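Hello,

Here is the structure I promised to pass on to you. Have a look at it first, and then read on for what turned up.

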Amino acid sequence: MNKLWSKRIVDIYILKEVLIPYIVGVAIITVIGLSNFLFQLTDLIIIKNIAMSVVFKLLLYQLPDIIVQTFPIAVLFATISGMSRLNRENEFTALRLGGISLYRLILPLIILGILISSLTYYINEKVVPWTNHEAQNIIRINILKQTKPDIEDNVFFKGPDGRLFFVNKYNVEENTLQKIVVYQLPDENEYPELITAQTGKILGVGEDEGSKWRLEGGIIHHYNADGELHQAIMFDSMEYEITNQVDNFFGEQRTTAEMDRESLKKNIDLFQKSGIKVNDLLIDYHLKLSMPLAALIFILIGTPLSLSS
């Protein structure tokens, strides 16, 4: 029992050596990450005369994304800092002479890495997509003050009547779109209608600008009651109404940074079935898992580096 308790004291001691520099590292790296963003916010206040309340709200919404990106770097800094001190002052040597193996000594660090990676994943899935979405809506509506929908590369958004849109590429100068998917969200017990098009062009003038698209080189997919494709209608050109509700359009746009892994995976599966290449989306999808795991990987890398002479 005494031996077990002594190991627990050692675990607490090692965690203390790492946690303090970890917290300091998160704070310092967050300030560094905010420095460029704070400069942009100052520009919004002074040059563009944006209200302080709007700028402050934008800062709050951006904080979770900035903070969560500091976790892996802070873990590496804390591991090397804390473990190097213990190694430099021969405390690890004393502990090993006391009968505690090296693997047992780094066990609390591995557990800490798992906890930090789990926390990072949770925040990245449940908090960051929502805060990013709110921040982007502030930029789209309050700051940019655009009078027509702003289309971006690799963007998802919902239109009227339960339709989901995806645009792979958007040429601002020519007002043209590439690799478009229109997904008619189904009612209960019904299967969706899917429209794919190679290219498109934004139509309309004045207040109606952007409310219609001309789709070219596309296919309309119809599915039966069993979910099987039973009809595919090819078309050379067709006009498609998007929306005339600009505020709603802005609120429904979502980039991959504004989506969790589950939502992004559903869209990737949908577009892969329609024959569209989604390599960029797949990279973002896997990054949402690899970034949280970086904390654990950095501990596994940083520990042996700090223990070597």
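**Salt bridges and a helix pair**

E262 and K266 lie 4 residues apart in helix α7 (residues 261–273), so about one helical turn separates the two. Before going further, please keep in mind that this is a predicted model. The side chains of E262 and K266 meet in a salt bridge, with 3.8 Å from N to O. Both ends are out in the open: E262 is exposed, and K266 is exposed as well.

Helix α7 holds another pair of this kind. D269 forms a salt bridge with K265, and their closest N and O atoms are 2.7 Å apart. Here too the spacing is 4 residues within helix α7, which means that about one helical turn lies between D269 and K265. How accessible are these two? D269 has 26% relative accessibility and therefore counts as partly exposed, since that class lies between the limits of 20% and 50%. K265, with a relative accessible area of 29%, is partly exposed too.

Across the whole structure, the search finds 6 salt bridges.

Which residues are linked in a network of salt bridges? They are E17, R85, E89 and E91. Within this group, the side chains of R85 and E91 meet in a salt bridge at 3.2 Å, N to O. Are R85 and E91 buried or exposed? R85 is buried, and E91 is buried too.

Two packed helices are described by the angle between their axes and the distance between the axes. The crossing of α2 past α4 is right-handed.

- from α2: V68, F71, V75 and M83
- from α4: L109, I116, L119, T120, I123 and N124

What is the make-up of this contact of α2 with α4? Its residues divide into 8 nonpolar and 2 polar, with no charged ones.

Best wishes

Definitions and conventions
Residues numbered from 1 in each chain as written. Predicted model: local features only at pLDDT ≥ 70, side-chain atom pairs only at ≥ 80, totals over all residues. Heavy atoms only, no water. Left-handed = near helix turned anticlockwise from the far one by under 90°. Contact = heavy atoms within 4.5 Å. Nonpolar A, V, L, I, M, F, W, Y, C, P; charged D, E, K, R; others polar. Salt bridge = Lys/Arg side-chain N within 4 Å of Asp/Glu carboxyl O. Buried < 20%, exposed > 50% of the residue type's maximum accessible area, 1.4 Å probe, protein only.
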